[in-house]
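Please examine the sequence and the structure shown below. The paragraphs that follow proceed from the overall fold to individual residues.

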Amino acid sequence: MHIKSAEFVMSNSDVAKCPKSRLPEYAFIGRSNVGKSSLINMLTSRKSLAKTSGRPGKTQLINHFLINKNWHLVDLPGYGYARVSKSSKKTFQKFITQYFTVREQLVTAFVLVDIRHEPQPIDLEFMQWLGENGIPFSIIFTKADKLKPKAIENHVDVYKNILLETWEDMPNYFITSSSKDIGKDEVLEYIEGLNEN
Ligand code: GDP
């Protein structure tokens with residue numbers, strides 16, 4: 001898919017106020033600092049469409065972007081920021097739960113995980129929750145430039161083994177690096193394919 005246009009639409013803290021349009025949408029979510037903003041900028045070939053955050057955990061908003069005038073890319077807040085309080089964690093959970101359960105336009109979620117790290121409970125719990133609620137998702141491994149191909153394979157295998165303990169299939173996954181422009185075409189083609197269905 002060639003990205004001809006990418007425009008910021010709106011930021012919301014209330015799911016009910018998100019765009020009313022029925023355009024298909026794709027949500028990007030992951031732990032703070034996972035490389036979500038960089039990935040969104042790589043996918044859209046825009047330097048700063050999504051703001052790479054100096055202060056993780058600060059942006060607790062649902063951000064809609066209109067791509068090629070026919071689908072929405074949704075930048076969701078980063079989760080798992082150690083320094084947020086328990087009560088703001090609860091608010092966050094409610095907010096995200098609402099988004100995923102209310103937005104009928106959502107085609108699929110992309111859960112971002114840093115390829116370098118062991119699977120983290122918070123990511124696994126979140127994937128579990130998506131699965132239990134019938135919300136389709138793919139995994140996007142980020143920062144692949146930081147590992148050698150063999151290590152990438154090993155790290156993906158660790159995820160596979162864990163996820164296959166619970167689920168019959170490994171979700172779709174993508175290996176990406178925003179600094180080396182890896183995985184962009186694969187993710188965009190996947191979205192294009194879903195948009196055509
Ligand atoms: P966000 O908080 O998830 O939106 O993450 P950012 O996109 O702001 O990135 C967090 C940090 O990871 C920044 O210092 C980025 O430069 C770095 N980063 C993001 N993507 C990559 C990548 O593909 N490779 C490498 N090596 N670093 C990355």
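The protein contains five helices and seven strands; helices (H or I, at least four residues) and strands (E, at least two) are DSSP runs, numbered from the N terminus. Along the sequence these elements follow the pattern β-β-α-β-β-α-β-α-β-α-β-α. The model is a predicted one, in which local features need pLDDT of at least 70, side-chain atom pairs count only at pLDDT 80 or more, and totals for chains, interfaces and linings use all residues. Residues are numbered from 1 along each chain as its sequence is written. The mean pLDDT, where pLDDT is the predictor's confidence in each residue from 0 to 100, is 91 for the protein, and 93% of its residues reach 70 or more. The model scores are ipTM 0.99 and pTM 0.94.

Consider next the overall dimensions. The C-alpha trace spans about 45 × 40 × 35 Å along its principal axes. The radius of gyration is taken over C-alpha atoms, and the rule for a globule is 2.2 Å times the number of residues to the power 0.38. For 197 residues a compact globule would have a value near 16 Å, and the protein agrees, with 16 Å. Two residues are in contact if their C-beta atoms, placed from the backbone, lie within 7 Å. Among contacts between residues at least 6 apart in sequence, 74% join residues at least 24 apart.

How are the strands arranged? Seven strands form an open sheet with mixed pairing, in the order β1-β3-β4-β2-β5-β6-β7; two strands pair if DSSP finds at least two bridges between them. β1 (6-12) and β7 (173-175) are the edge strands, each pairing on one side only. Neighbouring strands are turned by 25° against each other on average, direction ignored. Axes here are lines fitted to C-alpha atoms, for helices over the stretch in contact, and angles run from 0 to 180 degrees between N-to-C directions. Helix α3 (residues 121-132) packs on the sheet and touches β5 (106-114) and β6 (137-142), its direction making about 165° with that of β5.

The pairings can be followed across the sheet. β1 and strand β3 (residues 62-67) run antiparallel and are joined by six bridges. Strand β2 (residues 25-30) pairs in the parallel sense with strand β4 (residues 71-75) over four bridges, and Ala27 has Val74 in β4 as its bridge partner. β2 also runs parallel to β5, to which six bridges join it; here Ile29 is partnered by Val111. β5 in turn is joined to β6 by six bridges, again in parallel, and Val113 has Phe141 as its bridge partner.

Burial is the next topic. A residue is buried if 20 or more other C-beta atoms lie within 10 Å of its own, exposed if 12 or fewer, and partly exposed in between, with C-beta atoms placed from the backbone. By this criterion, 32% of the 197 residues are buried. In a regular strand the side chains alternate between the two faces of the sheet. Both faces of β2 are covered, with Glu25, Ala27 and Ile29 buried on one side and Tyr26, Phe28 and Gly30 on the other. In β6, five of the six residues are buried. Helix α1 (residues 36-44) is largely enclosed by the rest of the structure, because seven of its nine residues are buried.

The largest nonpolar core has 38 residues; such a core is a set of buried Ala, Val, Leu, Ile, Met, Phe, Trp, Tyr and Cys residues joined through C-beta atoms within 7 Å. β5 gives the most to this core, with five residues. Phe110 is among the residues with the most contacts inside the core. Leaving out residues up to four places away in sequence, Phe110 touches Tyr26, Ala27, Phe28, Phe137, Ser138 and Ile140.

Two individual residues conclude the account. Ser5, in the segment before β1, counts as exposed, because it has 11 C-beta neighbours inside 10 Å. Apart from residues up to four places away in sequence, Ser5 touches Asn68 and Lys69.
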